[in-house]
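Trainee: Could you walk me through this one slowly? I would like to ask things as they come up.

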Amino acid sequence: MRGSSGIDAPSPAGGPRTVMEGGSVNREQRLAELRRRREESLAGGGPERIAKLHAKGCLTARERLEILLDAGSFVEVGAFVTHRSTDFGMDRKRITGDGVAAGWGAVDGRLVYCFAQDFTVFGGTMSEANAKKICAIMDLAMDNGAPVVGLNDSGGARIQEGVLSLGAYADIFLRNTLASGVVPQISAIMGPCAGGAVYSPAITDFTIMVEGTSHMFVTGPEVIKAVTAEEVSFEELGGAMTHNSKSGVAHFAARDDADAVRLIKRLLSFLPPNCMEEPPRRACSDPIDRRAPELATLVPESPDKAYDMKDVVRRVVDDGDFFEVHEHFAGNLIVGFARLNGRPIGVVGNQPSVLAGVLDIDSSVKGARFVRFCDAFNLPLVTFEDVPGFLPGTRQEWGGIIRHGAKLLYAYCEATVPKLTVVVRKAYGGAYDVMSSKHIRGDYNIAWPSAEMAVMGADGAVNILYRDEIAKAKDAAAERRRRVAEYNDKFASPWIAAELGFLDDVIEPQDTRPKLVAALEMLRNKRQSLPFKKHGNPPL
């Protein structure tokens, strides 16, 4: 209503709105109001709070978006949104933008939708209003088929809004779930992320945390101490390295905000915009027929000696460029992205230098999630196999290795993208089947001449098959060596699998790159479907 002074009641953002005689709007006043609100939105919580953020080594929400997106490409939506709650004095604390900047822009010229929570405004807490901004961006991403990047820095649900803020989280969780497998979703944790807030990043495809400044946990140290009497620091409970190395919740650990953004941009360079399109192919200067003579001697002849599978991968892929995912978690299996002849691929490999490359609970879950992501977004899978089997022991059995190991098996069975497998040294037991074998629709399976493929290793098999003969022999050690050699020739040789059609070829190690490049090109137009169903039921 207009008062006797000729000035309307306060506008939603708290400023006066002047009108001219006859009720027509003064253009200059409206422009001034636009500029004021724009400046308020850009100012966030003000210079003092921004200075505190900078003192911690952190960037503001808008500074993070500025280095993520191509210069001048950011288009903001909901810039003038403010919260609607008036309880607990919130009617006197209305700040334009309400603690989140959302919109779209370009990363290396490609469309990306994004939002950044602003910790300087109400601690970046989730409100009904800013959740609607985030949901609007996610809806646009799904409608237009482009990735979503969320830069999280929030104190959690806004207490003053009660159940409204809880409902706001659920609105976002729903969209995370609906967008899963439709468009890539990347979360960067650049500050606190606690309580219900952690479940949105957990549903997304990749999570990046910043060392020293980011934390994730369902309940904080104070609550844990009150309930269990256990004392734990923020960093130990939910810091970047905790979730990168222990829980596996995070996929990357960044040195600082700028490094986190660099990782996001590199990750996006391998990914298609959505599930209907192919990953971005680049011009390749690395010769497709390049042989790698060093591969002939890189892998030790003895199946018990360790080596680094990443050295094998780097000598095969374009320019030795391997972008590892989950580097600090379950190191007995490596996963990551690379390119062959410019085409992005997903790489999975057993790591003999960690637990001899055996599969266990954590590595199975790690591999399954990665395989499913690659399949969802049309990234061919190249598997480098050197696996002695599944890790034995009561801890693994009681922890559910059967169920968790089946996740990796299920993921490979379900995948319809091109699947190429190289048996580098050994493939024993059920792990042979799981690691993208020919039997679970592997498209191109090859082995090096040194490969061993059998129910179990020769030493274990000989102990079972020839125990009596070895015990009776005059020279037990010599008899054991003879039996091991006999077993390897008769059962473990790659020629047995090749004769049965379980291998497409046995190749010299130095020819691995040209063989894989040729096979990938052959499979360029692969089309394979699954039986009609609402969805499968993997052993979660």
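Trainee: What share of the residues in the protein chain is buried?

Mentor: Buried residues make up 51% of the 540 residues in the protein chain, where buried means under 20% relative accessible area, exposed means over 50%, and partly exposed lies in between, with a 1.4 Å probe and protein chains only. Keep in mind that this is a predicted model, in which local features need pLDDT of at least 70, side-chain atom pairs count only at pLDDT 80 or more, and totals for chains, interfaces and linings use all residues. Residues are numbered from 1 along each chain as its sequence is written, and side-chain values use heavy atoms, with hydrogens and water left out.

Trainee: And how many helices and strands are there?

Mentor: The secondary structure of the protein chain comes to 21 helices and 17 strands; helices (H or I, at least four residues) and strands (E, at least two) are DSSP runs, numbered from the N terminus. The C-alpha trace of the chain spans about 115 × 55 × 45 Å along its principal axes.

Trainee: Switching to charges, how many salt bridges does a search of the whole structure find?

Mentor: The search finds 24 salt bridges, each being a side-chain nitrogen of Lys or Arg within 4 Å of a carboxyl oxygen of Asp or Glu. One of them joins the side chains of Arg64 and Asp153, at 3.1 Å from N to O. Arg64 lies in helix α3 (residues 61–68) and Asp153 in the loop between β4 (148–152) and α5 (163–179), so this pair ties together parts that are 89 residues apart in sequence.

Trainee: Is Arg64 buried or exposed there?

Mentor: Arg64 counts as buried because its relative accessibility is 1%, and Asp153 counts as buried too, at 2%.

Trainee: Which residue does Arg175 meet in a salt bridge?

Mentor: The side chain of Arg175 meets that of Asp139, at 3.0 Å from N to O. Since Arg175 lies in helix α5 and Asp139 in helix α4 (residues 128–144), the pair ties together parts that are 36 residues apart in sequence. Asp139 counts as partly exposed, with 28% relative accessibility.

Trainee: What about Arg513, where does that one sit?

Mentor: The side chains of Arg513 and Asp286 meet in a salt bridge of 3.9 Å, N to O. Arg513 lies in helix α21 (residues 512–522), while Asp286 is in the loop between α10 (257–270) and α11 (295–298), so the pair ties together parts that are 227 residues apart in sequence. Arg513 is buried at 2% relative accessible area, and Asp286 is buried at 7%.

Trainee: Which residues are linked with Arg513 in a network of salt bridges?

Mentor: Asp286, Arg290 and Asp318 are linked with Arg513 in that network.

Trainee: New topic: how do helices α13 and α15 cross?

Mentor: The axes of α13 (residues 361–376) and α15 (residues 401–414) come within 8 Å and cross at roughly 20°, the axes being lines fitted to C-alpha atoms, for helices over the stretch in contact, with angles running from 0 to 180 degrees between N-to-C directions. That makes α13 roughly parallel to α15, because angles under 35 degrees count as roughly parallel, over 145 as roughly antiparallel, 65 to 115 as roughly perpendicular and the rest as oblique.

Trainee: Is Lys366 buried or exposed?

Mentor: Lys366, which lies in helix α13, counts as buried at 3% relative accessibility. The C-alpha atoms of Lys366 and Lys407 are separated by 9.5 Å, although the two are 41 residues apart along the chain.
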